[in-house]
Amino acid sequence: MDILLLRFDAPLMSFGAVMVDQHGPTDRFPGLSMLAGLFGNALGLRHGDAHALEALQNRIEYAARWDIEPKELLDYHTVDLGQAKMSEPGWTTRGEPEHRTGGAAAAQGIHQRYRHYWANGVMTLAVGLRGEGAEPSATTLAERLRQPARPLFLGRKTCLPSAPLLLGRADAPDVVAALRTAPVARRPGHVPATRMAACWPLGFGEIGPGRRVPVYDRRDWRNQVHAGRRQRYEGWLEVGTP
């Protein structure tokens, strides 16, 4: 299997989980929709290319591990929308003006929100694309990750990578085998671990200490909503062994 090895090395990352009120939590690991959006951005796809993004999301299989454990970071925002300067419509990335809706409290009140991040961690991923002969192939995606159509970010636009995302390619039986033998990230003063927190697809069973975890990471790209529930394993993965 032709597998891409990715390295997420950034001051901040955020892997959007289910939002509750003003809280935008981050999942422990990236989800399918986040990876589909990241790859789609590299390929130059737009939100309107729903069919292509949906097809890409359905082809992704991956496993991930934390080479260097991150720290949790909570970003607190507050704003008084009643200020005169905040009363005008704002411009959107769609190139159209948009005004707040939802009544006086939503449009003019004081708002607070909380955004959750992972800080200073390093993650390695092994990503495969199902469907032999389909495009984008692993080769196409690797080229676009080297020279993306647009700037790439890891979950939120504030989360800019500090190094190229493509670590290399591997010819391995599956994503877990590729992840086990992928080079370990190094940082001055950090002692590399041989057992790392990781996630992997259910089809590989319990290959290490872990548990099944429900995730809600599929996106209905046509209607721009999250859809569906699946399960994956999260646990501990021994590295350096085939």
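Tryptophan 66 counts as buried, since its relative accessibility is 1%; buried here means under 20% relative accessible area, with exposed over 50% and partly exposed in between (1.4 Å probe, protein chains only). Phenylalanine 15, at 2% relative accessibility, counts as buried too.

A quick word on the ground rules. This is a predicted model, where local features need pLDDT of at least 70 and side-chain atom pairs count only at pLDDT 80 or more, while totals for chains, interfaces and linings use all residues. Residues are numbered from 1 along each chain as its sequence is written, and side-chain values use heavy atoms, with hydrogens and water left out.

**Rings**

There are four aromatic pairs in the structure. Rings of Phe, Tyr and Trp (its six-membered ring) pair if their centres lie within 6.5 Å; planes under 30 degrees apart are stacked, over 60 edge-to-face, and the rest tilted. Here are two of the pairs:

| Pair | Centre to centre | Angle between planes | Type |
|---|---|---|---|
| Phe15 and Trp66 | 6.4 Å | 35° | tilted |
| Trp66 and Trp118 | 6.2 Å | 65° | edge-to-face |

Put together, Phe15, Trp66 and Trp118 make one aromatic cluster. Phe15 sits in the loop between β2 (12-13) and β3 (23-24), 51 residues apart from Trp66 in strand β4 (residues 60-68). Trp118 belongs to strand β8 (residues 110-119), and 52 residues separate it from Trp66. Strands (E, at least two residues) and helices (H or I, at least four) are DSSP runs, numbered from the N terminus.

Two arginines lie over tryptophan faces: Arg28 is 5.6 Å from the ring centre of Trp118, and Arg219 is 5.4 Å from that of Trp221. The test asks for NZ of Lys or CZ of Arg within 6 Å of the ring centre and within 35 degrees of the ring normal.

**Nonpolar cores**

A nonpolar core is a set of buried Ala, Val, Leu, Ile, Met, Phe, Trp, Tyr and Cys residues joined through side-chain atoms within 4.5 Å. The largest one has 40 residues, and Leu6, Phe8, Phe39, Ile60, Leu125 and Leu145 have the most contacts inside it. Elements giving two or more residues to this core include β1 (2-9), α2 (50-59), β9 (122-129) and β11 (195-201). Its largest share, eight residues, comes from α1.

Which residues does Leu145 touch, not counting those up to four places away in sequence? Leu4, Leu6, Phe39, Ala42, Leu152 and Leu166, where contact means heavy atoms within 4.5 Å. A second, separate core has 16 residues, among them Ile3, Ala178, Leu179 and Tyr233.
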